[in-house]
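Work through the exercises below with the sequence and the 3D structure open. Each task is followed by a solution in steps.

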Amino acid sequence: MTYLDYQASTPVAPEVAKAMLPWLEEKFANPHSPSRWGSEAAAAIEVARKRVEEAIGLKGGTLAFTGSATEALNWALKGTVEKAAKTNSGRTRIITLATEHAAVLDTCEWLATKGVDLTVLPVGPDGRLDLDLLARELDKRVLLVAVMQVNNEIGVTQPISEIAKMTHEAGALMLCDAVQALGRMEICKGPDLVAVSAHKIYGPKGIGALWMRKGAEPAPFIHGGAQERGLRSGTLSPLLAIGFGAAARLSDERQTRDYDHVQKLWKAAVHALGPGWIINGSVRHRYHGNLNIRREGLDGARLIADLRDVAFSLGSACASGSGRPSHVLRALGLDYRQARSSIRLGFGRYTTQKELVDACHRMAAAAHEQEKLDA
Ligand code: PLP
């Protein structure tokens with residue numbers, strides 16, 4: 001089996017699994033209980049928190065663990081709106097992009113049904129935001145601008161620091177979905193709220209986090225036992241938090257090595273696929289561990305069925321599951337047929353050049369076979 005779906009999820013690093021094991025097998029105490037065992041778990045969670053904060057690398061804020069990045073994004077959006085409503089600031093607008101993850105877009109659309117004035121900006125054919133377009137939209141009514149650093153479907157990056165600067169000049173807050181950026185590149189300076197997830201950085205599924213600049217903390221989203229400084233109730237899982245911390249520390253230590261490895265893999269994959277493939281989105285402004293490509297006339301779903309022992313995806317895992325054409329590819333201006341002929345190859349730390357090149361050769365051969373049958 002060749003795994004080329006690193007944007008959907010990453011394998012758990014052996015070092016992470018090792019760090020987690022005692023917290024699965026032996027250390028079961030509630031980290032919020034005052035016993036010695038509870039205090040030990042609480043202290044281990046604080047070390048993990050520090051490691052995730054260090055991997056994010058922003059100053060002047062704190063981090064709360066959540067059950068996923070989806071929860072962190074829901075919290076950031078809904079909690080910011082709720083907090084603003086209490087201050088009568090008159091700021092009721094949210095600006096986001098057409099290529100954001102469903103965790104942002106669907107939450108924004110839900111908020112729009114509750115009175116939020118939503119603006120979803122288009123992107124260019126390269127997947128990038130035109131900053132002049134944003135400048136024209138920023139006014140005194142804007143509360144929050146939500147833009148992701150690295151797109152999960154096409155790998156395209158956005159100029160987050162510039163967006164944050166413009167947003168702050170308009171007196172608004174900026175939320176950055178950094179799920180696909182953490183551990184893969186430096187997180188851009190500037191945002192007030194940053195959402196991340198452990199399972200995209202070789203950690204466990206079921207834990208994410210929201211980093212919050214001091215003063216920008218959203219109103220609580222989950223109510224109960226007032227854990228996480230009263231901001232996010234619910235008993236924390238030492239197992240998952242420690243796994244996230246170990247993954248964050250490892251990603252920090254290996255960032256340059258992982259980055260160089262991915263650059264090499266990208267070149268090898270593009271070369272092995274040969275001619276006839278078009279890269280979706282900007283080639284320059286991109287994380288190169290994401291190769292989203294299309295080919296005239298290709299049936300992407302059929303290609304996945306033809307190569308059962310290679311795990312790759314059509315656009316994004318969510319879009320693949322729903323059968324809906326990818327909203328990201330449509331936002332680039334691709335028609336339904338072009339979106340259907342697109343596939344996403346995602347590779348990372350544990351991908352070898354040989355397995356990737358072999359898989360690309362087989363994909364190219366299967367695509368040629370389709371063309372012959374369809375001719
Ligand atoms: N944002 C982006 C860019 C993602 O790729 C994902 C995961 O697919 C999410 C948010 C949601 O993360 P989680 O799986 O932790 O809910």
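**Exercise 1. Is Gln-7 buried or exposed, and what does Gln-7 touch?**

Step 1. Gln-7 has a relative accessibility of 2% and therefore counts as buried. Buried means under 20% relative accessible area, exposed over 50%, and partly exposed in between, with a 1.4 Å probe and protein chains only.

Step 2. Gln-7 sits in the loop between S1 and helix H1 (14-25). Helices (H or I, at least four residues) and strands (E, at least two) are DSSP runs, numbered from the N terminus.

Step 3. The side chain of Gln-7 makes a polar contact with the backbone oxygen of Gly-289 at 3.2 Å. A polar contact is a pair of N or O atoms within 3.5 Å; within protein, one must be able to donate a hydrogen and the other to accept it, and residues adjacent in sequence count only if both atoms are side-chain atoms.

Step 4. Keep the basis of these values in mind. This is a predicted model, in which local features need pLDDT of at least 70 and side-chain atom pairs count only at pLDDT 80 or more, while totals for chains, interfaces and linings use all residues. Residues are numbered from 1 along each chain as its sequence is written, and side-chain values use heavy atoms, with hydrogens and water left out.

**Exercise 2. Describe the shell around the ligand: which residues come nearest, and which classes are present?**

Step 1. The shell has 13 residues, and Thr-70, Asp-177, Gln-180, Ser-197 and Lys-200 come nearest. A residue is near a molecule if one of its heavy atoms lies within 4 Å of it.

Step 2. Sorted by class, the shell holds 4 nonpolar, 7 polar and 2 charged residues. Ala, Val, Leu, Ile, Met, Phe, Trp, Tyr, Cys and Pro count as nonpolar, Asp, Glu, Lys and Arg as charged, and the others, Gly among them, as polar.

Step 3. Helix H3 (residues 69-87) supplies the largest share of the shell, 3 residues.

Step 4. Look at the oxygen atoms of the ligand. One lies 2.9 Å from a backbone N or O atom of Ala-69. A polar side-chain atom of Thr-70 is 2.5 Å from a ligand oxygen, and a side-chain N or O atom of Gln-180 is 2.7 Å from a ligand oxygen. On its own the ligand has 390 Å² of accessible area, of which the protein covers 88%. Accessible areas come from the Shrake-Rupley method with a 1.4 Å probe; for residues, only the protein chains shown count as cover.

**Exercise 3. Which residues of H12 are buried, and what covers them?**

Step 1. Helix H12 (residues 353-374) has 22 residues and spans 31 Å from its first C-alpha to its last, close to the 32 Å expected at 1.5 Å a residue. The expected span is 1.5 Å times one less than the number of residues.

Step 2. The buried residues of H12 are Leu-356, Val-357, Ala-359, Cys-360, Met-363, Ala-364, Ala-366, Ala-367 and Gln-370.

Step 3. Their cover includes strand S1 (2-3), helix H7 (238-273), helix H8 (300-306), strand S11 (310-311) and strand S12 (342-346).

Step 4. Take Gln-370 from that list. Its relative accessible area is 2%, and a polar atom of its side chain lies 3.0 Å from the backbone nitrogen of Asp-299. Not counting residues up to four places away in sequence, Gln-370 touches Gly-297, Leu-298, Asp-299, Arg-302, Leu-303 and Asp-306.

**Exercise 4. Which residues of H4 are buried, and against what do they pack?**

Step 1. In helix H4 (residues 102-112), Ala-103, Val-104, Leu-105, Thr-107, Cys-108 and Leu-111 are buried.

Step 2. These residues pack against H3, S3, strand S4 (117-121), strand S5 (142-146) and helix H10 (327-331).

**Exercise 5. Where do Asn-88 and Arg-229 lie, and are they buried or exposed?**

Step 1. Asn-88 belongs to the loop between H3 and strand S3 (93-97). Asn-88 is not a glycine, yet has a positive phi of about 50°. With 69% relative accessibility, Asn-88 counts as exposed.

Step 2. Arg-229 is in the loop between strand S8 (208-213) and H7. Its phi is positive, about 55°, although Arg-229 is not a glycine. With 56% relative accessibility, Arg-229 counts as exposed.

**Exercise 6. Where is Glu-40, and what is in contact with Glu-40?**

Step 1. Glu-40 is in helix H2 (residues 36-56). At 36% relative accessibility, Glu-40 counts as partly exposed.

Step 2. Leaving aside neighbours within four places in sequence, Glu-40 is in contact with Trp-23 and Lys-27. Glu-40 and Lys-27 are 13 residues apart in sequence and 9.1 Å apart in space, C-alpha to C-alpha.

Terms used: Contact = heavy atoms within 4.5 Å.
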